[in-house]
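This report looks at the aromatic side chains of one protein model. The structure is shown first, and the description follows.

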Amino acid sequence: METVMAHPFAKYLREAMMPHIWCSGCGNGIILNCFVQAVDELQMDLNKLVVVSGIGCIGRAAGYVNTNSFHTTHGRPIAFATGIKLANPELEVVIISGDGDLFAIGGNHFIHAARRNIGIKVICANNFNYGMTGGQQGPTTPVEALTTTTPYGNIEHPFNLVHLAAASGATYVARWTTLHVRRLTQSIKKLLQKEGFGFIEVVSPCPEIFGRYNKMRTGLEMMEWFRKVSAIENFSDPAKAEITPERIVVGEFVDIAKISYEKLIHEKIAEINEKKMQW
Amino acid sequence: MPVRLWRKPLDAEKVKLPKAEIHILKNQCKGCGFCIQFCPKKVLEESEEINARGVHPPKVVDESKCIICSFCTSVCPDFAIFIVEKPCKEGC
């Protein structure tokens, strides 16, 4: 009992970077844990896995995983990941980033990557605000939520991320909270095996920055809120899956098969080269 | 009496229940309490001691109650707890 054993997932993490910077009660560690567990269960080749992240609290995730990783500029992880995937389609490219990074500053990259169906996988941690810079209101802040820049309540309507992804043409769309660790792990496993563009939104607690203005001071209170209001409805209409304080619809929303962009582009190049040879 | 109490599985003598061995890496814990709150069998509780980060890490109340669901392993944001099955002695 007293002998210190290494954690079973320690080999997937960079020891020198641990412990991570995330606050007590933050859900980012759970997302990293589920991702690492999915990689472990799939027995993936770590040399063929690339983790890309943008700026934000969860942007640190790329530095913590012991694979090829890439910490990019604000809002541009999809742009960088597109380059990686097109240059070397054998690599499995996973983006782990936040809602402010992917949907505020990088929103355009997201919809066009989903439209073109580039085979990159996006895991988005949705904590309802800009956590790292002090809790400003962001594109996913619910109506009437209090943040540092909306002290009298937010009047803007938030993005429904799963609806946006489904409408843009993603081949796999799911939403889970950090409480649904088993389903999230299964979902990430499914995502990693998909060919085209896949997207998972993970609703994550942010007790230190978002929760303290909204009467949820600890991570436990936010997790209890998820437990109370989340309802699993697989393959329901993503348009009706808006996040409100009373209801969070979770589940898989889209799971279709579509030929990916990098396959098409390399087929096209081969076709053109063949024609050239005939001339 | 409910059915599950008076009926005994036919292979109850042959099948041995797995014994859990809970490992807590105390100094990695940040004291969020997720493992304590969401354990289905309430195996863990907050301890009195203070670790290197100044929080109370969990401690094991009753290891024999653990059913090795490993939910605590998955829900821990700090990779500070994991369960292994105890190696069975006496050739069982």
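The model is a predicted one. In it, the charged end of Arg116(A) sits over the ring of Tyr261(A), at 5.5 Å from the ring centre.

Two of the pairs are set out below.

| Pair | Arrangement | Centre to centre | Between the planes |
|---|---|---|---|
| Phe70(A) and Phe80(A) | edge-to-face | 5.4 Å | 90° |
| Phe128(A) and Phe210(A) | tilted | 5.2 Å | 40° |

Phe70(A) is partly exposed, with a relative accessibility of 34%. Phe80(A) is partly exposed as well, and its relative accessible area is 32%.

The pair of Phe128(A) and Phe210(A) links distant parts of the chain, 82 residues apart. Phe128(A) is in the loop between strand E4 (121-126) and strand E5 (129-130) of chain A, while Phe210(A) is in the loop between strand E8 (198-203) and helix H8 (219-229) of chain A. Phe128(A) counts as buried because its relative accessible area is 0%, under the 20% cut-off. Phe210(A) is buried too, at 3%.

Beyond these pairs, one aromatic cluster is formed by Phe103(A), Phe110(A), Phe159(A), Phe197(A) and Phe199(A).

Methods:
Residues numbered from 1 in each chain as written. Chains lettered and ligands numbered in written order. Predicted model: local features only at pLDDT ≥ 70, side-chain atom pairs only at ≥ 80, totals over all residues. Heavy atoms only, no water. Phe/Tyr/Trp six-rings, centres within 6.5 Å; stacked < 30°, edge-to-face > 60°. Buried < 20%, exposed > 50% of the residue type's maximum accessible area, 1.4 Å probe, protein only. Helix = DSSP H or I, 4+ residues; strand = E, 2+ residues; numbered from the N terminus. Lys NZ or Arg CZ within 6 Å of the ring centre and 35° of its normal.
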